[in-house]
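Q: Please walk me through this structure one piece at a time. I will ask as we go.
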Amino acid sequence: MLTDLPVHEPTTEIVGRELELTSVCGRLEDAGLRLITLAGAAGVGKSRLAAEAAHLLDGAFPRGIRTVDLPACPGPEEAVAAVARAVDALRGPLPGAHEPSTAGDAAAVQNPVGGLVPRPRALLILDGVEHIAARLAPVVADHLAAHPWLTVLATGQEVLRIYGEQVVPVTALSPPGPLIEPDVADVQDNPAVQLFTRRAHEVNPGFALTAENVASVVDICNLLEGVPLVLELAARRLRLFPLQEVQSWLHRAGDSHLSGPVDVPPRQRSLLAAAEWSCQGLTAGQRSLLARLALFRQGATLATAEKVSPLPPAETAAAIEELLDRNLLRLDERRHTDSRLMMSRTIRVHSLAVLDSDPEEASAARRAHARHYQKLMHSLEGRFYGSEQQHWLRLAVAEHDNVLAALDHVAEGTDLAARAALVTACLRPWLVRGELKVGLHWFDSTAQALHEAADRSDGGEEETELRLRARLHTGAGLLAAALGDHDGAAHRHRRAVALYKRLRDARAGALASARMGYALFRCGDQAVGRSLLTASRTALEGQGDTVGSAEAAACLAEVTAACGQPQEALPLLERAERIQRQNGEIRDLARTLHLRARLAWDEDDETGAQAALRQSLTLYDSIDERTELPTALDTFALLIQRGAGQPQRATRLLAAAENLRRRTGVKVDGERWDRLQSAVTELRGQLGWSVFATAWVEGLRMRPEAMVAEALAAVEPGQGTERSEAAALTPRQLQVALLVAEGMTNRQIAARLKIAEWTVVNHVRNVMRKLGCRSRVQVAWAVGRRR
C-alpha cells in the first residue's frame with residue numbers, strides 16, 4: 001500500500017522518545033547515510049518514531065516523502081511492486097517546478113553559474129520489513145544504487161542486511177523499576193509512567209497521577225516492561241474499569257487480550273495480533289524452542305537453552321540466531337553472570353499459550369525445565385561456601401524466579417523427594433538475598449506434604465524421608481529466625497531435633513539443638529537457651545564439627561554478653577572468628593564481627609567497634625548479603641551518630657536499612673526498635689526538618705550495592721568530623737566531580753571539557769582525596785548531596 005504520508009500518523013504527541021528522535025533525525029539529515037533501519041521487538045514504537053522523524057524533517061526532502069505499508073501488501077511480489085511505484089513517484093517533477101527533471105538520477109546537477117548543486121533528496125519509508133526482508137533486500141539495494149538522491153528509512157523486527165545499512169535499535173521505554181512507597185515526584189518524569197498517564201487521561205479525563213494511585217501505576221509500568229503498545233492498550237481499559245481492577249487483571253496475564261483502536265494497522269490492534277504477527281513464518285522447531293524458553297521467567301543462558309531445547313545442538317544454535325535476528329529474543333548481558341536470552345512479556349504470554357495448547361508437549365517441557373534446575377541447584381549447594389561462594393551465590397540469585405517456576409512444576413507432581421531436594425538446595429541463596437517469606441512458604445509446605453504422605457503410607461517413613469523432613473524443618477527455622485519470628489524458629493528447630501533423635505544423628509541434632517537454644521533465648525527464656533547452647537557447643541566440639549561449634553560459640557557469646565558477662569563472651573567470639581576465617585564462612589564471620597563491634601562499643605572502644613564493623617560490612621558486601629545487612633547498617637549509623645559531625649550520613653544509613661528491611665520483611669525486636677526511633681527523633685531535632693528529610697529520602701533511594709560504600713566513606717574516629725569539602729574544591733575539580741556523578745568515564749569527561757584524559761585522572765584523584773572518598777560511587781553521592 002502506497003501513501004504520501006506515513007501509514008499511521010497519530011494525533012497524539014510522541015512520549016519518551018526525545019533522544020531516539022534526535023538520533024534518527026540526525027541520521028536522516030546526513031546525506032551520506034542512505035539506508036537507516038529502526039529495529040526492535042513488536043510494540044516498541046518503531047513506526048511511530050519513523051512517522052515523527054519524517055514529519056519533523058519534511059523540509060529536508062523536497063522531492064517528497066513516501067511510505068509503503070509492507071504488511072498491507074498481499075504478498076512479497078506485491079510489496080516489491082509497491083516499492084517500485086513509490087520510487088517512480090519520487091522521481092517525478094519537484095513540487096512547484098516548471099519543468100520536469102530530465103537530468104537523470106545523478107546525485108548533483110550543473111549550476112549555470114558554475115559548480116555542482118546537490119540534487120534534492122527524497123525519503124522512502126518502508127514500514128514493517130519483517131518476514132519479507134530477504135526478498136526485499138536486493139530490490140532496495142538496486143534502488144539505492146540507481147537513485148543517489150534516495151534515502152530509505154525502514155522499520156521492522158528484522159534488518160535488511162544490506163551493505164551500508166545503519167541499524168538503530170529501538171527498545172521499550174525505561175520502566176521506573178521496583179520502588180518502596182514511590183512518590184509522584186520520583187516517577188512523574190519516567191517515560192513509561194508519562195506515556196501510561198497521558199493515554200489514561202485521554203480515555204478518562206478524570207485520571208491523573210496522584211499519591212493514591214502512583215504505586216499501582218508504577219507496578220503496571222514495571223509489569224508491562226515499558227512497551228509502548230502494551231501501555232497504551234492497557235491505559236484504554238481505564239475507560240471502563242478502575243485502575244486497581246486493571247492492575248489485578250494484568251497480573252493474571254489478561255493483557256494478551258488487550259485490544260486497541262481500529263485506525264492502526266491490524267497487527268497493532270491487539271497484543272494477540274502483535275504476537276502472532278511477530279511469530280509468523282517460524283518453523284515448528286523454532287516455535288517449540290521459543291515456547292520452552294518462555295518457561296524461564298528470568299531468561300535462560302545459552303547453555304541452558306541448549307539443554308532444554310527439543311532440537312539437536314546445531315539446529316538449536318541456528319534457531320536461537322534466527323529468533324535473535326527477528327527480535328523475538330534478546331541477549332541481556334549481565335555483569336557477574338553469563339548473558340541471558342530474554343523475551344518480552346507479550347511474546348512470553350503468547351508462547352506459553354501456544355505451549356499449553358498441546359498438553360503432552362507442555363508436560364514434557366515443564367519436566368525438562370524442572371529437571372534442569374534440580375540438577376543445577378544440587379550441584380551449586382556445596383559451592384555456597386569457600387573462596388568462590390560469591391560467584392555461585394550470584395548465579396543462584398540470577399535463577400531465583402526460574403527456580404520458583406521449577407518448584408511450581410514439581411509441586412504439581414508426586415515426587416516429593418525431588419521437590420524437597422530442590423527446596424533445601426535453595427536455603428543459602430534465599431537467606432543471603434532476603435527471599436525469606438517465599439523460602440519459608442516452600443520449606444513449610446514441603447515438610448507438611450512429606451508428613452501427610454507418611455501418614456497415608458502403611459510402611460511408615462524411611463530414613464531418607466525422615467532426613468529430608470529434618471532438613472526442611474531446620475531450614476524453615478533459620479528462615480523464621482531471619483524474619484525475626486524466634487518463637488516460630490524454636491518450634492521448627494524442636495521438630496528437627498526430634499527427627500534427628502529418631503535418626504540417631506547426634507551431630508546434626510546438636511546443631512539443631514543449639515539453634516533452638518538461641519531461638520528460645522531470643523524469645524525470653526534465657527536460662528534454657530543458654531543451657532542448650534552450652535551443651536550443644538560441647539557436643540559439637542567433641543564430635544569434631546568445628547563449623548557447627550563456631551556457630552554455637554558465637555550464639556553463646558551473644559547470650560553471655562546479654563547476661564552481663566562480656567569478659568566471658570570475648571574468648572568465645574575469638575574462637576568462633578578464628579574457625580570461621582579458616583573455613584571461609586563469610587556470612588557467619590560477618591555476624592561474629594558485628595557482635596564483636598557491639599561489645600567493643602559497650603566498652604566505649606569506638607575505634608575497635610568501627611574497625612570490626614567495617615570488616616563486617618565489607619564481608620556482607622562481598623556476597624551481596626541483604627538479610628543481615630540492615631542490622632549492621634543500623635549499628636554503624638548509631639555508632640557514627642555518637643561520633644561528632646556525621647548526622648546526615650547516619651540518617652541516610654538508617655533510612656537505607658529501613659528500606660532494605662521492608663523488602664526482605666525482617667522484623668526488629670522491641671528494644672532495638674525503640675533505640676532506632678529514639679535515634680531518628682534525635683537526628684531530626686539536630687538537623688532540622690528540611691535537612692533531615694533530604695538525607696532520609698537520599699537513604700531511601702540508595703541501592704543496596706551502594707549502602708556499604710556509603711557507610712565505609714564515614715570519617716573514622718580521630719580523623720575529625722564529616723567534611724563539607726565542596727567549598728574546598730576548585731571550580732574545575734567541582735566540574736569534574738559533577739560529571740563523575742552523572743556516570744561519565746574519564747574519557748567522556750575529557751571530551752566534554754576539552755582537556756587531556758590524564759588531567760581528568762589527576763582531578764578525580766584530588767576530588768576523592770579532598771572528599772574522603774574511596775570510589776567514584778562515593779564521589780557521586782558526595783557531590784550529589786551538595787548540588
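Q: Is H131 buried or partly exposed?
A: H131 has a relative accessible area of 25%, which means that it counts as partly exposed. Buried means under 20% relative accessible area, exposed over 50%, and partly exposed in between, with a 1.4 Å probe and protein chains only.

Q: What kind of model is this, and what should I keep in mind?
A: This is a predicted model, in which local features need pLDDT of at least 70 and side-chain atom pairs count only at pLDDT 80 or more, while totals for chains, interfaces and linings use all residues. Residues are numbered from 1 along each chain as its sequence is written, and side-chain values use heavy atoms, leaving out hydrogens and water.

Q: Back to H131: where does it lie?
A: H131 is in the loop between β6 (122–127) and α4 (133–146). Helices (H or I, at least four residues) and strands (E, at least two) are DSSP runs, numbered from the N terminus. Although H131 is not a glycine, its phi is positive, at about 80°. Most residues other than glycine have a negative phi.

Q: What about the phi of N327?
A: N327 is not a glycine either, and its phi is positive at about 60°. N327 sits in the loop between α13 and β10 (330–332) and is partly exposed, with a relative accessible area of 25%.

Q: New topic: how many salt bridges are there?
A: A search of the whole structure finds 34. A salt bridge is a side-chain nitrogen of Lys or Arg within 4 Å of a carboxyl oxygen of Asp or Glu. One of them joins E399 and R340, at 2.8 Å from N to O. That pair links distant parts of the chain, 59 residues apart: E399 is in the loop between α16 (389–398) and α17 (400–411), and R340 is in strand β11 (residues 340–342).

Q: Why does E399 count as buried?
A: E399 counts as buried because its relative accessibility is 2%. R340 is buried as well, with a relative accessible area of 0%.

Q: Which residue does D624 pair with?
A: D624 forms a salt bridge with R394, at 2.6 Å from N to O. The two are 230 residues apart, with D624 in the loop between α28 (606–622) and α29 (629–642) and R394 in helix α16. Both D624 and R394 are buried.

Q: Which residues does N402 touch?
A: Leaving aside neighbours within four places in sequence, N402 is in contact (heavy atoms within 4.5 Å) with residues including R297, R340 and Y373. N402 lies in helix α17 and is buried, at 0% relative accessibility. Its side chain makes a polar contact of 2.9 Å with the side chain of E399. A polar contact is a pair of N or O atoms within 3.5 Å; within protein, one must be able to donate a hydrogen and the other to accept it, and residues adjacent in sequence count only if both atoms are side-chain atoms.

Q: How do helices α11 and α13 cross?
A: The axes of α11 (residues 284–293) and α13 (residues 313–325) come within 10 Å and cross at roughly 80°. Axes are lines fitted to C-alpha atoms, for helices over the stretch in contact, and angles run from 0 to 180 degrees between N-to-C directions. The two helices are therefore roughly perpendicular, a term for angles of 65 to 115 degrees; under 35 is roughly parallel, over 145 roughly antiparallel and the rest oblique.
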